[in-house]
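Colleague: I have some questions about the words used for this model. Could we go through them one by one?

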Amino acid sequence: MADYSVPPDEMLAAATAPGRGYIGLHIEQGVPILDRDLNLLHDLIASTVRNVVARYIGDGTHANASGFLVSALPAGQNSQDFQITADGGHFPGTCLVDGILLTLPTAITYGSQLEDHLTTPAADRTDVVFLDVTVVEEDFTANADLANEHDVGMQTSVRLKPVWRVRVAEGTSELPAAAAGHARYPLALLLRTKGKATIEPHMIKDKRQSGLTLATMEQRLTVLERALLLPAFTGAEFTPHSGAHGDPVAITGTNFDAAPKVFFREETATITSQSATDITALVPTTISVPQGGTTNVHITVATSHGSVTSATEFRVTE
């Protein structure tokens, strides 16, 4: 830990506590400049950016630089081990976790991290592979430039950098709770086989969220919006199931409230009442019915978000 008048994490916690909620600060003229004010200014901005990215974009990879792909090693190298690489071998790979952009410069193996040693399953087992991320301070012992030997000859600041490790929790598909100051993100599930030490391609199930760009996010939101807002029939779809020209038909469903139109086959029906879940429409007089017979038609409800056609046919009588 560097030398501070007040530890920056304590200052940030106090500044953002309920009842305060500061988002920035201004330095006054003609007064001493305190390290805690400058550090807090940086931390407030960084914390806001991280929160916005984490909450409104999320964790995962974007389309052109997907990193931290868990994949199998070649036979003979895959005993209790796997590799972490970039999709298509396009390095550096990247991943967002809790608003922090992580970089994978080259492929590594799980075992090369000297983290937890994997065990051979005594029964079929699911393990979760995840990123564990924290932010650490780097001082002159790790970066000689911070000693400022060419001018003041002393360390005047430290650097903040994310540190990550790929970890495995055996016997669970759920992400373990993160320690204080850490964030975690699932990369893959290992569907391991009883008594088998090797990790093979068919055992690996990718769990990363991908495509985190504004363009693909908009596309995903559009698909979701359409799925949630499309009209749909419920229950018996409509009652009665037969009627003559001009008779009312009660149609039941959901999402009927966005400028609905009703069609009996291709013929437009007059709507006499309408809500999000119920429409009453009149059987169109333009539907031709043979003398003494009937005509069967499907009913379609169309809104500004899409349309739905009944599975049941309505029988038009004379």
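Modeller: Start with contact, which means heavy atoms within 4.5 Å. Helices (H or I, at least four residues) and strands (E, at least two) are DSSP runs, numbered from the N terminus. The model is predicted, so local features need pLDDT of at least 70 and side-chain atom pairs pLDDT 80 or more, while totals for chains, interfaces and linings use all residues. Residues are numbered from 1 along each chain as its sequence is written, and side-chain values use heavy atoms, with hydrogens and water left out.

Colleague: What covers the buried residues of H2?

Modeller: The cover includes H1 and strand E3 (93-97). The buried residues of H2 include Leu40 and Leu44. Asp43 and Val53 are buried too. Residues three or four places apart in an α-helix point the same way, because there are 3.6 residues a turn.

Colleague: How do you know what span to expect for H2?

Modeller: The expected span of a helix is 1.5 Å times one less than its number of residues. H2 has 22 residues, and 32 Å is expected. From first C-alpha to last, H2 reaches 32 Å, so the model is close to the expected value.

Colleague: Why is Ser310 called buried?

Modeller: Buried means under 20% relative accessible area, exposed means over 50%, and partly exposed is in between (1.4 Å probe, protein chains only). Ser310 has 4%, so it is buried. Ser310 is found in strand E17 (residues 306-317). Among the residues it touches are Phe233, Phe238 and His298.

Colleague: What makes the Ser310 and Thr312 pair a polar contact?

Modeller: A polar contact is a pair of N or O atoms within 3.5 Å; within protein, one must be able to donate a hydrogen and the other to accept it, and residues adjacent in sequence count only if both atoms are side-chain atoms. The backbone oxygen of Thr312 lies 2.7 Å from a polar atom of the Ser310 side chain. Ser66 and Thr61 give another case: a polar contact of 3.3 Å joins their side chains. Ser66 is buried, at 10% relative accessibility.

Colleague: What makes Glu170 and Arg125 a salt bridge?

Modeller: A salt bridge is a side-chain nitrogen of Lys or Arg within 4 Å of a carboxyl oxygen of Asp or Glu. The Glu170 and Arg125 side chains meet at 3.3 Å, N to O, so they qualify. Glu170 lies in the loop between strand E7 (159-169) and strand E8 (182-192), and Arg125 in strand E6, so the pair ties together parts that are 45 residues apart in sequence. At 32%, Glu170 counts as partly exposed. Arg125, at 15%, counts as buried.

Colleague: How many salt bridges does a search of the whole structure find?

Modeller: Nine. One of them joins Lys161 and Glu138, with the closest N and O atoms 3.3 Å apart. Lys161 is in strand E7 and Glu138 in strand E6, 23 residues apart. Lys196 and Glu200 also meet in a salt bridge, at 3.2 Å, N to O.

Colleague: Which residues does Pro121 touch?

Modeller: Among them are Arg192, Gly195 and Lys196. Pro121 and Lys196 are 75 residues apart in sequence, but 6.8 Å apart in space, C-alpha to C-alpha. Pro121 counts as buried because its relative accessibility is 2%.

Colleague: Why does the phi of Gln80 deserve a mention?

Modeller: Most residues other than glycine have a negative phi, and most peptide bonds are trans. Gln80 is not a glycine, yet its phi is positive, about 55 degrees. Asp98 also has a positive phi of about 55 degrees and is not a glycine. Gln80 counts as buried at 17%, whereas Asp98 is partly exposed at 31%.

Colleague: Which omega goes with the cis peptide bond from Phe91 to Pro92?

Modeller: Omega is near 0 degrees there. Pro92 lies in the loop between strand E2 (83-85) and E3. The bond from Thr239 to Pro240 is cis as well, with omega near -10 degrees.
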